[in-house]
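Subject: Structure handover

Hello,

Here is the structure for you to look over. My notes follow below it.

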Amino acid sequence: MTAFEGGNSGETQVTRRIAVISAGLSQPSSTRLLADRIAQATVRRLAEQGVDATVDVVELRDTAQDVTNNMLTGFANQKLEAVIESVTSADGLIAVTPIFTTSYSGLFKSFIDVLDPQALADMPVLIAATGGSERHSLALDYAIRPLFSYLHASTVPTAVYAASSDWGNGADAATSSLPERIERAAGELAAQVRDSDRSIRVQDPFALPAGFSPIGAYGAQ
């Protein structure tokens with residue numbers, strides 16, 4: 001898990017925290033590149049409104065074994081607990097996955113599955129994806145958006161998809177709409193994150209999560 005900070009040079013009393021999950025499998029990956037661009041744009045849009053922001057980036061490839069163990073045993077180890085806490089207590093979430101077989105990756109879905117089903121309720125979320133062809137962009141609306149709707153997250157209207165052609169020569173020129181989509185989505189997320197108080201809420205350390213099961217994982221069968 002990595003982090004970076006951003007904000008304006010003037011004094012401000014407002015600080016927000018953004019979590020980013022990147023489900024790219026290679027290193028470096030276009031999924032992580034897209035996640036970083038969206039995060040930077042969101043931090044910049046918040047700074048324009050006098051809001052400082054810190055960003056915690058989670059590479060899901062680094063937690064793959066921990067997530068699998070959690071799904072098998074129903075319990076998260078200390079490393080995974082820290083990642084889950086970082087994601088679920090943030091003021092906003094940027095979730096980026098590669099598209100495999102017309103949907104989100106298995107690693108991306110497995111991480112979501114180990115979260116408390118109520119943990120992302122009302123969370124401002126920006127969804128994004130990468131893939132080889134533009135036609136896979138539909139997966140954002142028929143697979144990824146319904147997933148976060150089921151979790152009662154507040155998903156921003158604009159989703160961001162980056163095809164392989166978006167990273168080629170001249171991809172940032174006027175002929176590409178990727179920078180425009182990033183800016184529009186970042187502005188929508190920044191507006192919600194600005195008004196969020198999730199990261200400063202006082203949590204009861206002894207409260208059981210809503211989906212707690214004495215036999216293990218949430219919804220275990």
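How many aromatic pairs does the structure hold? The answer is two. Please keep in mind that this is a predicted model.

Aromatic rings

A pair of aromatic rings is described by the distance of the centres and the angle of the planes. Take Tyr104 and Phe108. Their ring centres are 6.2 Å apart and the planes sit at 35°, so this pair is tilted. Planes count as edge-to-face when over 60 degrees apart. Phe108 and Phe148 form such an edge-to-face pair, with 65° between the planes and 6.3 Å from centre to centre.

This second pair links distant parts of the chain. Phe108 lies in helix H4 (residues 106–113), and Phe148 lies in helix H5 (residues 139–150). The two residues are 40 apart in the chain.

Are these two residues buried or exposed? Phe108 has 0% relative accessibility, so it counts as buried. Phe148 is buried too, with a relative accessible area of 0%. Ring pairs join Tyr104, Phe108 and Phe148 into a cluster.

Strands

Now to strand E3, residues 52–59. Seven of its eight residues are buried, so E3 is largely enclosed by the rest of the structure. E3 pairs with strand E2 (residues 15–22) in the parallel sense, over eight bridges. In one of the contacts between them, Arg17 has Thr54 in E3 as its bridge partner.

How does the chain get from E2 to E3, and what is the hand of the crossover? It passes through helix H1 (residues 30–48), and this β-α-β crossover is right-handed.

Best wishes

How values were computed. Residues numbered from 1 in each chain as written. Predicted model: local features only at pLDDT ≥ 70, side-chain atom pairs only at ≥ 80, totals over all residues. Heavy atoms only, no water. Phe/Tyr/Trp six-rings, centres within 6.5 Å; stacked < 30°, edge-to-face > 60°. Buried < 20%, exposed > 50% of the residue type's maximum accessible area, 1.4 Å probe, protein only. Helix = DSSP H or I, 4+ residues; strand = E, 2+ residues; numbered from the N terminus. Pairing = 2+ DSSP bridges. Right-handed = clockwise from strand over helix to strand, strands pointing away.
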